[in-house]
Amino acid sequence: DEATKYSLERKTMGKPIYKHQAIHFMLAEMVMRYELSKLAVWRSCVDYDEGRRNTYYASIGKLYGGLAANKNASDAVQIFGGNGYNKDYPVEKLMRDAKIFQIYEGTDQIQKLIIGREHLVKYL
């Protein structure tokens, strides 16, 4: 949201930066990552609500959500340009905070082990 708002306000070459194709594509990819993360978590919730094991989609949601948060924070800093590292803008803190999603409640490597195990059990 912060990057989108900033892209509507900041102007370069006489137009808001969201009108530049590179920014437009970045915002689209950020939204896609966010929405896909939510879908994985929601699928896990549906499985849980219906009494099925939800480990597979819960781990996918955790792993992909953490990766998406980090990439989105990095892209937001890029959209903000030099202001992305300025403590007066929120994305500087968001980038630092996003890293916890890759560490908290199981590292990326642990989530990959769980996903691989849950995937392979369907074939063994």
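**A tour from Asn-70 through the helices**

Begin by selecting Asn-70, which is located in helix α3. The model on display is a predicted one. Asn-70 has a relative accessible area of 16% and is therefore buried, the cut-off being under 20%. Setting aside residues up to four places away in sequence, Asn-70 touches Ala-98, Lys-99 and Gln-102.

Next, display α3 together with helix α4, residues 91-98. Their axes come within 9 Å and cross at roughly 160°. Since angles over 145 degrees count as roughly antiparallel, α3 is described in that way relative to α4. The crossing in which α3 passes α4 is left-handed. To see the contact, select Ala-69, Asn-70, Ala-73, Ser-74, Ala-76, Val-77 and Phe-80 on α3, and Val-91, Leu-94, Met-95 and Ala-98 on α4. By class, this contact of α3 with α4 comprises nine nonpolar residues, two polar residues and no charged ones.

Remain with Val-91 for the following step. Which residues does Val-91 contact, leaving aside neighbours within four places in sequence? They are Glu-2, Ala-76, Val-77, Phe-80 and Gly-84.

Val-91 also belongs to the largest nonpolar core, which has twelve residues in all. In soluble globular proteins, nonpolar side chains tend to be buried together.

Now turn to helix α1 (residues 2-9) and helix α2 (residues 21-49), whose axes lie 10 Å apart. These two helices pack at an angle of about 160°, which means that α1 is roughly antiparallel to α2. Here too the crossing is left-handed, with α1 passing α2. Select Ala-3, Thr-4 and Ser-7 of α1, then Ile-23, Leu-27 and Met-30 of α2, to display the residues that make the contact. Four of the residues in the contact of α1 with α2 are nonpolar, two are polar and none is charged.

For the last stop, select Asp-108 in helix α5, which covers residues 108-120. Is Asp-108 buried or exposed? Asp-108 is buried, because its relative accessible area is 12%, and the limit is under 20%. Apart from residues up to four places away in sequence, Asp-108 touches Leu-63, Leu-67 and Gln-102. Gln-102 is also among the residues touched by Asn-70, where the tour began. Finally, a distance drawn between the C-alpha atoms of Asp-108 and Gln-78 gives 24 Å, for residues 30 apart along the chain.

Methods
Residues numbered from 1 in each chain as written. Predicted model: local features only at pLDDT ≥ 70, side-chain atom pairs only at ≥ 80, totals over all residues. Heavy atoms only, no water. Helix = DSSP H or I, 4+ residues; strand = E, 2+ residues; numbered from the N terminus. Buried < 20%, exposed > 50% of the residue type's maximum accessible area, 1.4 Å probe, protein only. Contact = heavy atoms within 4.5 Å. Axes fitted to C-alpha atoms, helices over the stretch in contact; angles between N-to-C directions. Parallel < 35°, antiparallel > 145°, perpendicular 65-115°, else oblique. Left-handed = near helix turned anticlockwise from the far one by under 90°. Nonpolar A, V, L, I, M, F, W, Y, C, P; charged D, E, K, R; others polar. Core = buried A, V, L, I, M, F, W, Y, C linked by side-chain atoms within 4.5 Å.
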